[in-house]
Every structure is written in structure tokens, then in C-alpha cells.
Amino acid sequence: MKWETAPSSYISNSSSWMMEDSLKSTIWSHVENKLFENALAKFDKDAPDRWQRVAEMVPGKTVADVTIYKCLVWTPHI
């Protein structure tokens, strides 16, 4: 059996694309932060589908992006 590898240009381009995509979801603008804060105020912790609703109020952010907040705030401190 012969294994073929992707050309190095393909690998670096795809890695760059993945990195750019990752940065877009982790770097938040001032406007995105404000939209996020407003969404948190609108949908309290008991709201059904809270994180889905919050994500819908911040264009370009996913449920995974906005639930990072939950991990940061509600993680028990040792």
C-alpha cells in the first residue's frame, strides 16, 4: 500500500484558514462584547435555550463561542 501526502502548500493554506477561523471566534470586538452583555441581561440563567438565544444576538458567534463565558464565570475557584 502506498501512502500519499497532501502538498505542503495545501497543508499550510488549510492550517492558516483554520487558524483564521479560530481567531475570528476567539477575538471579540467592542460591539460584540456589548451585544453579548445585552443578551446576557435579556436571557437569565433560567431562560430556555439561553445560550442559543445569546448566540443569535451576537452575529458571527456560535453557541460554543458564547458558552465559553459560562466556563469562565461559573467554574469553581480552588
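**Contacts, helices and pairs**

Of the contacts in the chain with a separation of 6 or more, 38% are between residues 24 or more positions apart. Contact here means heavy atoms within 4.5 Å. This is a predicted model, in which local features need pLDDT of at least 70 and side-chain atom pairs count only at pLDDT 80 or more, while totals for chains, interfaces and linings use all residues. Residues are numbered from 1 along each chain as its sequence is written, and side-chain values use heavy atoms, with hydrogens and water left out.

Now the overall layout. The chain has 4 helices and 0 strands, and along the sequence the pattern reads α-α-α-α. Helices (H or I, at least four residues) and strands (E, at least two) are DSSP runs, numbered from the N terminus.

The chain exposes about 6500 Å², and carbon and sulfur atoms supply 60% of that. Accessible areas come from the Shrake-Rupley method with a 1.4 Å probe, and for residues only the protein chains shown count as cover. Of the 78 residues in the chain, 21% are buried. Buried means under 20% relative accessible area, exposed means over 50%, and partly exposed is in between (1.4 Å probe, protein chains only).

Next, the core. Which residues make up the largest nonpolar core? There are 10 residues in all: Phe-36, Ala-39, Leu-40, Phe-43, Ala-47, Trp-51, Val-54, Ala-55, Val-58 and Val-66. Helix 2 and helix 3 are the elements that give two or more residues to this core. By nonpolar core I mean a set of buried Ala, Val, Leu, Ile, Met, Phe, Trp, Tyr and Cys residues joined through side-chain atoms within 4.5 Å. In soluble globular proteins, nonpolar side chains tend to be buried together. Leaving aside neighbours within four places in sequence, Ala-39 is in contact with Val-54 and Met-57.

On to salt bridges. How many does the structure hold? It holds 2 salt bridges. A salt bridge is a side-chain nitrogen of Lys or Arg within 4 Å of a carboxyl oxygen of Asp or Glu.

One of them joins the side chains of Glu-32 and Lys-61, at 3.9 Å from N to O. This pair links distant parts of the chain, 29 residues apart: Glu-32 is in helix 2, and Lys-61 is in the loop between helix 3 (50–56) and helix 4 (63–74). Helix 2 itself covers residues 30–42. Glu-32 counts as buried because its relative accessible area is 17%. Lys-61 is buried too.

Glu-37 and Lys-34 also form a salt bridge, with their closest N and O atoms 3.4 Å apart. Both lie in helix 2, 3 residues apart, about one turn of the helix.

Last, the rings. The whole structure has 1 aromatic pair. The ring centres of Trp-28 and Phe-36 are 5.2 Å apart and the planes are at 70°, so the pair is edge-to-face. Rings of Phe, Tyr and Trp (its six-membered ring) pair if their centres lie within 6.5 Å; planes under 30 degrees apart count as stacked, over 60 as edge-to-face and the rest as tilted. Trp-28 is partly exposed, at 22% relative accessible area, whereas Phe-36 is buried, at 9%.
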